[in-house]
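Hi,

Here is the structure I promised to pass on. Have a look at it first, and then read my notes below.

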Amino acid sequence: MAPPTNRRSGFSRRAQYSNFLSFTAGVVGVVAGLVLIVISLVSPKAFSGLRNLASDATEPAAQVSAESRSFGRDTLGTIEGFFKFGSQHAQLERELAEAKSRLVEARATEAENKRLKKMLGIVRKSDDVVAVTPLVGSTPTSTRRFATIGAGRDRGLEKGMPVRSPLGLVGRVLEVGRSSSRVLLITDTESLVPVRRAKDGVAGFAQGVGDGTLRIRLVNLGINPLRKGDVIVSSGSGGLYRPGTPMAVLTKIVRDGAIGRVLSNPADTDYVLVERAWAPPEKPLPDQSASDEAAEAGA
């Protein structure tokens, strides 16, 4: 049979005392709590001393707890900052590399625009320009010096037409294709161009050496008047090359002339102009009727 729910302590005095003390402590605790609540409401400053004592007693433990929390926040912040700022640093490096690449592209575009503007100025000044075309390639390491340009019969090119850049003479058209042409460079050993010194017209011939330079030979042998730094231009003698086109700067003086560095290096040239072959103007013939009248008057 199940035990009864209302169990009494019976005749055990210890159990009776325990129950009495438990009830008494509970009642005293409730009364003390109510008294403390009433006192705190009536006079809030009454327990300030106790609060201060409790605060002083728990201050070391609270400080340790606060330092622990601060250390934990700092540690977590350091770890988070490491990953966060590491990724930001990598992103900034990528953006910096992209900015440098764009800057290089912008500078290259600016340099190309300057070259094209110079070439446009030459085109505007000259009515003999047949085509403006890119210089596709050249042979810088061979003893023969040729170049290929991206224009041919489709642009009206013909064999023998001079080719130049904004800096100076490049060569002449040697072979013409449908959409491309082969150019004999002035540095080729088979190239021979009549030239003169720009400042006073000392005449000579410029022949390619095959190593990217020109050999300037004087027409009149004797005392060599050439000096380092002199600018050599085409003279126009015999036609084909327009007079006054820059060609080279002298770098070495030899017995019968000099060695010059070409101004228009094909390796540094992107676009070239193809011009019509230049012909010197014909001198007008003397008026025969005027000569006959003068002869009759003298007779």
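Please keep in mind that the model is predicted. D188 forms a salt bridge with R144, and their closest N and O atoms are 2.8 Å apart. R144 sits in the loop between β1 and β2 (146-149), while D188 sits in the loop between β5 (181-185) and β6, so the pair ties together parts that are 44 residues apart in sequence.

The structure holds eight salt bridges. Another one joins R242 to D128, with 2.1 Å between the closest N and O atoms. These two residues are 114 residues apart, R242 being in the loop between β9 (231-234) and β10 and D128 in the loop between α2 (48-125) and β1 (129-138). R242 is partly exposed at 25%, and D128 is partly exposed at 26%. You will also find a network of salt bridges linking R197, K199, D200 and D230.

Now for the nonpolar side. The largest nonpolar core has 16 residues, and I186, V193, V195, L214, I216 and M247 touch the most other members. Two or more residues come from each of β6 (192-197), β8 (213-218), β10 (246-254) and β11 (257-262). A second, separate core has 14 residues, including L135, A147, I149 and V163.

On the surface, V27, V31 and V35 form a nonpolar patch with about 240 Å² of accessible area together. V35 belongs to helix α1 (residues 13-42) and is partly exposed at 41% relative accessibility.

Best wishes

Methods: Residues are numbered from 1 along each chain as its sequence is written. This is a predicted model: local features need pLDDT of at least 70, side-chain atom pairs count only at pLDDT 80 or more; totals for chains, interfaces and linings use all residues. Side-chain values use heavy atoms; hydrogens and water are left out. Patches are made of residues with over 30% relative accessible area and no salt bridge: like charges are joined within 9 Å, nonpolar side chains (Val, Leu, Ile, Met, Phe, Trp, Tyr) within 5 Å. Accessible areas come from the Shrake-Rupley method with a 1.4 Å probe; for residues, only the protein chains shown count as cover. A salt bridge is a side-chain nitrogen of Lys or Arg within 4 Å of a carboxyl oxygen of Asp or Glu. Helices (H or I, at least four residues) and strands (E, at least two) are DSSP runs, numbered from the N terminus. Buried means under 20% relative accessible area, exposed over 50%, partly exposed in between (1.4 Å probe, protein chains only). A nonpolar core is a set of buried Ala, Val, Leu, Ile, Met, Phe, Trp, Tyr and Cys residues joined through side-chain atoms within 4.5 Å.
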